[in-house]
Amino acid sequence: MQMHIRHETRYRYERPVKYSVQSLHLTPRRDLSQRALAWNIVAPGRRLEQIDAYGNISHLLTIEEPHREIRIIVHGVVETADADARLDDGPLSPLAYLAPTQLTLPNEDLKAFAQNAVSQVEPRLRAQALAEAVYGAVRYRSGTSDVQDSAAVAFKSGEGVCQDQAHVFIASARAVGMPARYVSGYLYTGDANDAASHAWVDVWLGAEIGWQSMDVTHQRPAVRTYCRLAVGRDYLDAAPVRGMRQGGGGEKMEANVLVAESAQQQ
């Protein structure tokens, strides 16, 4: 499948920003499951490209002149696998994705939940079983959480967005010894009004099976209609845009994503 993608992110500030630095994960990963046929980034300032510790293509965007707005546009075409292609392991051992982070540290309730979800399930089916359990425990509801909310907070509230469901899955998987990583990217749904950035998970099921990509929000393997931007231990490692600035006062952020099967649909 060929996915035609356009993603615009715009930041507006109350007062001039003196200096800003943004870390961008806005270029599709070079995975066995996908390849970028064309990709372009349009942004102000200076950009430095590098491959980060997780094998993601990242850019450090630096703007040293005073500014009241940052507008970042990425667009291109990505070809994805029609079948469930084996995912790249990346530069790190899967064991690196067992370590908890501030956003994925499981409390006692999460540990008990995870153990109950997979205790009677054979290994190759545990990712699906855990995804179903998380989906039931954290119902999707927009506008109910913050990007800094941890898995424990989302689990207690019982609702959240795809990011929260991914964090609860990752915390639970690690609690029962299953390496898991956060994935950011795009999902094609066939509905132009439903296109958006998305988050899902990869879970390691052993050397024979490898990584399995799972969309907790939609209860299905994340293949073919998914474009992978970045992976990491949690959202903070794989966020499409993260940054810091000096000055500016209040901030307003707007994002617009279009994902289609052809350029004409955009």
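Colleague: At roughly what angle do the axes of helix H2 and helix H4 cross?

Modeller: The axes of H2 (residues 126-137) and H4 (residues 162-175) cross at roughly 130° and come within 10 Å. This is a predicted model, where local features need pLDDT of at least 70 and side-chain atom pairs count only at pLDDT 80 or more. Residues are numbered from 1 along each chain.

Colleague: Why are H2 and H4 called oblique to each other?

Modeller: Angles under 35 degrees count as roughly parallel, over 145 as roughly antiparallel, 65 to 115 as roughly perpendicular and the rest as oblique. The axes cross at roughly 130°, so H2 and H4 are oblique.

Colleague: Which residues of H2 and H4 meet?

Modeller: Among them are Leu 130 and Val 134 in H2, and Val 168 and Phe 169 in H4; contact means heavy atoms within 4.5 Å.

Colleague: What makes Leu 187 buried?

Modeller: Buried means under 20% relative accessible area, exposed over 50%, partly exposed in between (1.4 Å probe, protein chains only). Leu 187 has 4%, so this residue is buried. Its place is in strand S8 (residues 180-187).

Colleague: Why is the pair of Tyr 54 and Tyr 97 called tilted?

Modeller: Rings of Phe, Tyr and Trp (its six-membered ring) pair if their centres lie within 6.5 Å; planes under 30 degrees apart count as stacked, over 60 as edge-to-face and the rest as tilted. For Tyr 54 and Tyr 97 the centres are 6.3 Å apart and the planes at 45°, so the pair is tilted. Both tyrosines are buried, and together with Trp 204 and Trp 211 they form one aromatic cluster.

Note on methods: Heavy atoms only, no water. Axes fitted to C-alpha atoms, helices over the stretch in contact; angles between N-to-C directions. Helix = DSSP H or I, 4+ residues; strand = E, 2+ residues; numbered from the N terminus.
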